[in-house]
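Student: Please take one part of this model and go through it closely. I would like the contact between two of the chains, and then the chain that carries one side of it.

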Amino acid sequence: MKHIFVRLDRCTGCRECELACAVEHSASKDLFTAIFETPLPRKRLYVESADGRNIPILCRHCDDAPCLAACLSGAIYRDWTREGVVAQRADKCIGCWTCIMVCPYGVIGRRLEGGRWVAAKCDRCPDRAIPACVEACPTKALVYAEPEEWAAIVRRTAATTLAGQVG
Amino acid sequence: MRHLIIGNGAAGNAAAHAIRRRDPSCEITIVSDEPHAAYYRPLLPYLLHDAPEGQHILRDPLHLPRDVTVQLGARVQAIVPAEGRIVLDDGRTLAYDRLLIATGASPALPPIDGVPGPGSFVLRTLDDATTLKASLTAIDPSSPVVIVGGGRIGTKVALGLRRLGLPVTIVEMLEWIVPQQLDGPAAEIFQAALEAQGIEMIFGRTVRSVRRHDGRVRSVILDDGRELAADLVVMATGVRPNVGIARTAGLATRRGILVNRFLQTSHPHIYAAGDAVETTDVVTGEPVVSGTWTNAVFMGEVAGENMAGGSREYPGAWRLLNAVELAGIPVISAGLIHPPQHGYDVYARRRDQVYRKLVFRGGTLVGVILVGEVEGAGVYTALIRERVDISPWKDVLIQRGTCAPFVRALRTFPEAYAA
Amino acid sequence: MERSLDIASQAMLKVAQHRGITTVWDRFQAQQPQCGFGLMGLCCRMCLQGPCRIDPFGEGPRTGTCGASADTIVARNLARMIAAGTAAHSGHAKHLAHTMLKASRGEAPDYPLKDEAKLRAVASRVGIPVDGRDTQALMGDVAAAALAEFSEKETPLAWAATTVTPGRVQTFLKHGVVPTSIDGVVAEIMHRTTYGTDADPVNILLGGVKCALADYAGMHMATDLADILFGVPKPVMARANLGVLKAEAVNIALHGHNPVLSDVIVQVASEMHEEARAAGAAGGLNLVGICCTGNEVLMRHGIPPATHSVSQELAILTGVLDAMVVDYQCIMPSLANVAECYHTQLVTTMPISKIPGARHIEFREGHARASAREIIRLAIDAYRRRDPAKVSIPDHTSTAVAGFSSETILSALAAVNKDDPLKPLIDHIASGNILGICLFAGCNNVRVTQDSGFLALAKELARENVLLLATGCGAGAYARHGLLTSDAVREYAGSGLAAVLGAVGQAVGLDASLPLVLHMGSCVDNTRAADVAVAVANKLGVDLDRLPVVASAPEATTEKAIAIGTWAVAAGLPVHVGVVPPVLGGPAVASLLTEGVKELFGGYFIVEPDPVAGAKKLLQAIRERRTALGI
C-alpha cells in the first residue's frame, strides 16, 4: 500500500497541504468557492512544529488502527478495495468522538455533514490518484510512495549526506 | 483447534477476528444468550427517539471473519474446565480447546423498594430498548419520567426522552452530572445545557422506593422523603460484571473475573475479556473493571491472539477513558481527573462551553478532561498511557494536543519521516 | 486549457515545445498549485514577526501575530498593490516630465516640441499662463508643474482635479480621498500599512482609493506629456501579430512602456536602413512593437505591433528577432533565457530595470539619438549571427486601425456636428443606438487562455450595441484578432452600433466604418477614455457614476491594473475583473469592493472569470443606469 511519507528537512510550514486538503473535501473543490461554503470544509492533516522543525502530521492508516478498533458504531472500516485505507462511512458515524480519543497522532477532527457532527479523518482522497496534500506541497516534502520506494529514498539521501561529509 | 467464545459483544467479536487472523483453519464458535445478531450496544439510547444514529445499530452481517459459527439464544449453564466443555441450558454441550469468557455485564440495581417491577426499566440490551420504547409509546406524552442515575446512559436516555417531549427528572446520588467522567466545572457546562433542554436534575439524593397504584408506577420517593411524580422509571445505576458461570466453574474472581497479563484466567485454557474482567488501571495500577466498548475490543483482540498461540501482553484497562457527546457538547475524559491534593499539578481553564483540564504528576500527564474542543485528545491519552516525559512541552500541551514533539515516542511512527 | 487563442502564438508554442524552450505557460504550470493564502490575500509579510497567514476555513489562527485580522491583512496587501501600480504609472510620467524639463532647457535636443496645441491646452488646464508665452518656456513650466505634483504640497493634484467632473471632486473631498502629492500618497500607503499603523480595513481601502486617484493623475500626466513631446495620436493603419517580422530585415522589437526611448529609436531607425542593408539585410531595418511601447509607436508612427503581454517571449522564437530593446514594466526576466537559445540581443536601457543575461546600454535623454544608434547597431551586429535553421515566422497578421485619442474622437464627432461635437454621441446613447460604453484595459494573464476574455466580452457587448474602447494589451489583443477593423463591425456589431460607427466613418471621410473597437492607446493612456466620459458627463450635467459607462479588465495581471481598476471604481464605473484578485480572504474587504463601495463612489468591482457571464453583468449594469436616467 502506498503511504504518505514526510521529508522533514523540506517542510517550510507553508500549510498549503492543509488548504489543499480542505479544498479537496469541499463541495466545489475550488478554493475561491470553498471558502464561502456552509459548512466550511475541514482539513484532515495538521502542520505542527517542534524542536524548530515543521512536522506535517498525517493519518498513517495504521495496520492496527486504534480509531478503527475503537469505533463503536462501525463507521470506521478498512477499505480493501483501496489497498486497506482506513476509511469512514459518515452516515454511520454517531459523533461519539471515541476515535478522536484514541488516535495518538491527533489527526481526527470534527466536521458537519448533513446537519450532524461527524468525525473528519483522512480518506486518502478517493477521487484522486495522488492525495491533494501531496500534490499541493511546493517543496515535495510529502512523498506518496510504497514503503520500499520510501526506504530507497531514505537510503539514497543518507548516502548522499554521508558522501558529502566524507568528500 | 476449537475456539469457543461466550458472548457476542465487542470483546467476543474482536477475539474472533484476532483468532482467525492468526489461524486460518481453526474452528471458531460464538454462543450468545441474546436472540439478536451482534449490534453496537452504545447506540441503544438512540433507539428510544428514533435518532438517525440508531439506524445502523445492527452490525453488518459480514463483519465477522469467515467460518465463524454463531449460536444465538444459547444460554450457558456451566463451564466444565476439566473436560474442556460447556453446558447450555437446553442440555447441549460444546467442547473446546480454548474458551473465551466475554459475558459482559448486567444492570446493577440498587436496593430500591419496588425495583424491579412493572414500569421500571433498564437499558442494557436490544430487548431492553424494545421494551422501553414500547412502554414510551403507550404512555401519555406528558407522563413524567424519573431516571435514576445521572451517568452517561442516564443522561443520554434523559435527552432522548426529552426529544419525545416527556418531562424528565434525573436523580443522581453524587454531586453533579456524569460524575465518573466530569469534575464540577465541566459538569456545570453540561447541567446548563441539560436544563436548557428542560431536564430536571436532583443531586446528592437516592431513590428509596417506587410507588405504584393499580399496578402502575405513580411516583418515586427520595431518601429525603420527597415524592416525585413518575409514570415510568428508568434505572441507569451502572452495571456489574457477569461473573456467575466463571465463579461456579471455580475460576478465580473478585469483582470481575481475574486474569493474568495474557488475559488467561486461573485455568490455562480459559481466557476472559471485556466488561466481565477485572484488571489493573494503566494509570494507577489499581484493580479496575472497565465497562467501555474500546477496552472490550482491545481485550478481545489480545485474548484472541493469545488463544491462537500468541503471547501478547495486555497493558491494563483505563478506569476512565471515555468520549461522549451530550446535548451537542463533546467531552473526552481519561485517566486521573480527581487527583489527590498533593503531588499533582492541575491546569484547568474554562471559556464559555470550552473546558480543558490537564493533570500532571511530575513530568508526566496522568489525566485529562476536554469539553467542547476535543481535537487532539488521542495525543493526551497516548502520552498518559506511554508515560512520556512531557516536561519540556508542558506549556505547548496545555494549549493543544499535538503529537509533533513526540512522534518518535508514540507507536511506530518514525519510519514515516526522514530528516 | 488552451494557452492562447492567437494563431501566431499557437504556432510559436509548437516551436517552443519542439525546441524544449520554457515559456510563461510552462513556468505557470510548474508553479501549480499556487499558495492558497497568497491567492486569498491572507499572507502578511510586513514585519519580522511574520510571515503570518490566516486560515480561510476558520480552523487555524484568526489573526496575525500582531492581531491583524484577515480583513486588515487583505486591505493592507491590496493598498500596497495599488501603491506599486501608482508608483509605476507615475514613474513613467515623471520620466517624461524630466525629459521635457531637460528639453526646455536645451539639455535634451533630441526631444523638440511636437504638439504645440496640446502643450498650450495642458498648460492652461493646469493653470499656467499661456498667452504670449514662448513654447520653450511653457514646456519648462508644464514640466515643473508636473514635477511639483510629486512633491508635498497642500493643494489637490492638478492633473486629477482639473480633469474630472465637479461632482467627482465633491465626492472625493467628502470621503477624504483627494491626493495632494503623487509620491507622497505612495509613501503614505507604505507608512499606513507598516507594522502597527492602520488596522481599519475601510480606512486602509480609502487610503488605497486616494492613492489610486494619484495613479489617475500620474497616468493623465504621462499621456499629456507624451502627446506634447511626440504628438497627439491620429488614426493609423498597420498590420499586427508575429507575421510582421521579416526574414530579410534586421528586426528590432521595442518592448516596455515609455516613448522616451522607443519614439527616438523609431526616428533614428529611419536614417539607418542602409547600415542594415550593408550587413546583408535587404529589407533594411524592421521595427516592431511589443506591449505598450508597441502601442505608443503604433499610434504615432504606424509601427506594427508584433505581440503583447504573455506572448512576448514568442517573438524571439521566430528566430528572426535580432534585438529586443526594453525599458521598464511587464518585461519578463525570462526573455534573457529565451534569447540565450537564439542570436537575439536583449537590451536593457533603464538604470532601474536591468535583467541578468541582457546587454545594458544606458539610455541618456541628453544623447538620445546617439544611444538609439548604439542600440540599433547592436541589433545589426546580432543579425549577422542569425541562424537560418531556426527561422520560423508564423504567417499570420491582421489589419489594425489604431490611434483614437480623445482629441481624434472629438474631432471625428465634430465632423458630424461642428457646433456641438458631443451631441451626436449623446443622442445615439439616448436613442439606444449605443447602449453604453465599455473601456477594455489591462493585460493578458497566463491564468486565462490568451485573448479569450477580451474576445468573448467584446463580441457579447458589441452585439448589444455597446461602444467599445480599448487600451494597452487589451487593445493589442483586438489588434491581433482583427477587431480594430470595420470588417469586425460587420461581423459582430449590433445594428445600432454598426450604423453609428458607419456614419462617423463616412463623416470623417473614410470610405469605411470606424473599427469595432477604438484603440485609444497604451495602458498608461486610460485617461483618454476617461476624458471622453468626463466631457459627456459635463455636457449632460450628469456625474460619471450615473452614465452607462463601464470598464473591464478580463485578463488583468499587474499591480498597475489594480490601481486603474480602483480609480475607475472611484470615478463611478462598474469595473469587471476577469481574474480573481487576492482579496477573497477578507470577507469585509471583498464585500466592500463589490458592494459597499457603491454607496461611497457609485462604482464597484464585478469579479467574474467567465467572460460571457461577465458581459451579462456589465450589460445589466449599463441597463440599470439607462433605466435610472430614464433612457
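Tutor: What follows covers the interface of chain C and chain A, then chain C as a whole. The model is predicted, and every value below is computed from it. On the chain C side, 14 residues are in contact with 18 residues of chain A. Together the two chains bury about 1,500 Å², and carbon and sulfur atoms account for 69% of that area. Three residues, Arg53(C), Phe57(C) and Glu59(C), supply 43% of what chain C buries against chain A, more than any other three residues.

Glu59(C) also takes part in a salt bridge, its side chain meeting that of Arg42(A) at 3.7 Å, N to O. Helix α3 of chain C, residues 36-40, gives the most to the side that touches chain A, with 4 residues. By class, that side of chain C has 9 nonpolar, 2 polar and 3 charged residues.

Now for chain C itself. Its secondary structure comes to 25 helices and 16 strands. The C-alpha atoms fill a box of roughly 65 × 65 × 50 Å along the principal axes. Among contacts in chain C between residues at least 6 apart in sequence, 77% join residues at least 24 apart.

Conventions: Residues numbered from 1 in each chain as written. Chains lettered and ligands numbered in written order. Predicted model: local features only at pLDDT ≥ 70, side-chain atom pairs only at ≥ 80, totals over all residues. Heavy atoms only, no water. Contact = heavy atoms within 4.5 Å. Buried area = accessible area lost by both parts, 1.4 Å probe. Salt bridge = Lys/Arg side-chain N within 4 Å of Asp/Glu carboxyl O. Helix = DSSP H or I, 4+ residues; strand = E, 2+ residues; numbered from the N terminus. Nonpolar A, V, L, I, M, F, W, Y, C, P; charged D, E, K, R; others polar.
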